[in-house]
Amino acid sequence: MSLRAVLALLILSAAPAAAQPLAPVEASVRRSGDAFVAEFSFPRSAPAWAFFRSARAEVDQQPWRARSWTVLTPGVTLQRRGRYDAIVGVGGSPVPRRVQVRIVPFTRQLASDYVPALLLGGRGVALFDGHFAAFSVADPAALERFGVEPPEGVIGDGGTRVRFIGGRSLRIAGDVAGYRRGESSGAYGLFDVARAQVANGIATVIDSETPAWLAQYIARFTPTALGVLQARLGPSGIAEPTVLAAWEGAANDGASMNGGTLKGLILMRLEGKAALTPNPALREMARWFIAHEAAHFWLGQAVAYEGSRDSWIMEGGADLLAARTVQRLDPAYSPTPFLNQAIRDCAAALVKPVATAPERGEHRTTYACGTIFALAAERASGGDFYGFARTLIARHRSRGMVNSENWLDLLTVTAGRPGPARQVRAMLDGGAAEPKAAIATLLRASGVPFTLSADGLPTL
């Protein structure tokens, strides 16, 4: 063997082996009477496995898993560490490779996350699979230092696959979920729920106990709103959008509605005595809600936001798209009160940077200031926010993600001048010492007409 060959062999033998991809967590969920049992198969030994989605309950800001999950496997506890719920080995021991958890469905709203479980009439239950997505850490105490998004490099994340045993998933592409850090995809698994009804290209799974007038309105308005959005924004990539609506009962006075959007799915939770009979205010609430969530099929799914700092793009954009969509369908509707409320709410929070609002748990800031930024982009784009959003999506659809720099670059191009983008960037990164004046400067630079109230607040 030549000296050159020996050196080459030595170099090859000294080179580090290519990093092998981590194996995923496997989670299977089956029904057990009125409860469920989830079995986790962890692919490697670790002292703790934490859950990406660990939002608190909205009603009392307390962790919800402690009231829903009971660990059945000895040597393991469910703990709250910082922002995260985690399965932790007792006394620093590794978590067993197989862990079983009994789950009593938790049906209350979470703070900025999807409801863990929905009751859908009779024995019907839907479970959100995203709440099973887990990652490993070498030291449970490290979780207490993590922000909204766990940092790369210090967690073990091979993804999580979720299977519903004896149920079925509303996932577009099958019954297996694959989660990794920062992903927001997910679906509900249905147990003892009737098959979806399909009409006008929309599939609906609506709780059989939902008041008939409201169920009919949802089924009728959804394809109409989607039609407007598709005509102005182009194809969303969703072949058959689905609406999943749960009725939470009439125990409370008044009426309420909440939910969200998953891949190809609009989720709604409805409740209250006022919803039992036709209610114009609730009808207006429903059409707004549907239009906003449907807009996320484009801003949120055709392109997603890159990190929590960029979430204002999707939420503010969806709010303005909803306003314009409802306005097109109902010429009597005026978006001005909604937009003025967004100005008030943004001004109240703008002393701090908008980009870090999710880290602070100030989610209304994300929506309100995002709406004002979208309004500025609309005016700078010749009065067509659909066109601005369509161009943004077209530019970045291949990558599937958008960040604040992408949005600001497009604003600079469409405005033909740097002023509006410069104003938005300042509010994103630093907030404003005088929020009302900062918003007025942005609206003026973008060409949005307004007046000033006695206290200096811009008013459309």
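**A first look around**

Reply: Start with Cys-346 and Cys-369. Their link is right-handed, with 105 degrees about the S-S bond. Keep in mind that this is a predicted model.

Me: How far apart are the two sulfurs, S to S, in the Cys-346 and Cys-369 disulfide?

Reply: The disulfide between Cys-346 and Cys-369 has an S to S distance of 2.1 Å.

Me: And which helices hold the two cysteines?

Reply: Cys-346 is in helix H5, residues 336-349, while Cys-369 is in helix H7, residues 363-380. They are 23 residues apart in sequence, so the pair ties those parts together.

Me: How many disulfides turn up in the whole structure?

Reply: One, from a search of the whole structure.

Me: Switching to confidence. What is the mean pLDDT of the protein chain?

Reply: The mean is 90, and 92% of the residues reach 70 or more. Residues 1-18 are another matter: their pLDDT is below 50. Beyond near neighbours in sequence, that stretch has one contact in the model.

Me: What about residues 172-179?

Reply: pLDDT stays under 50 there as well. For residues 172-179 the model has 30 contacts beyond four places in sequence.

Me: Okay, charges next. How many salt bridges does the count come to?

Reply: The count comes to 22. One of them pairs Arg-53 with Asp-113, with the closest N and O atoms 2.9 Å apart.

Me: Where do Arg-53 and Asp-113 lie?

Reply: Both are in loops. Arg-53 is between strand E3 (48-51) and strand E4 (69-71), and Asp-113 is between strand E7 (98-103) and strand E8 (117-119). The partners are 60 residues apart in sequence, so the pair ties those parts together.

Me: Why do Arg-53 and Asp-113 count as buried?

Reply: Buried means under 20% relative accessible area. Arg-53 has 15%, so it is buried. Asp-113 has 12%, so it is buried too.

Me: Which residue does Arg-123 form a salt bridge with?

Reply: Asp-192, with the closest N and O atoms 3.1 Å apart. This pair links distant parts of the chain, 69 residues apart. Arg-123 is in the loop between E8 and strand E9 (125-128), and Asp-192 is in the loop between strand E14 (188-191) and strand E15 (197-199). Arg-123 is partly exposed at 44%, and Asp-192 is partly exposed at 48%.

Me: What about Arg-360 and Glu-362? How far apart are their closest N and O atoms?

Reply: They form a salt bridge at 3.0 Å. Arg-360 is partly exposed at 27% relative accessibility. Glu-362 is partly exposed at 23%.

Me: Last one. Where is His-131?

Reply: In the loop between E9 and strand E10 (134-137). His-131 is buried, at 2% relative accessibility.

Terms used: Residues are numbered from 1 along each chain as its sequence is written. This is a predicted model: local features need pLDDT of at least 70, side-chain atom pairs count only at pLDDT 80 or more; totals for chains, interfaces and linings use all residues. Side-chain values use heavy atoms; hydrogens and water are left out. pLDDT is the predictor's confidence in each residue, from 0 to 100. Contact means heavy atoms within 4.5 Å. A disulfide is a pair of cysteine sulfur atoms within 2.5 Å. Helices (H or I, at least four residues) and strands (E, at least two) are DSSP runs, numbered from the N terminus. A salt bridge is a side-chain nitrogen of Lys or Arg within 4 Å of a carboxyl oxygen of Asp or Glu. Buried means under 20% relative accessible area, exposed over 50%, partly exposed in between (1.4 Å probe, protein chains only).
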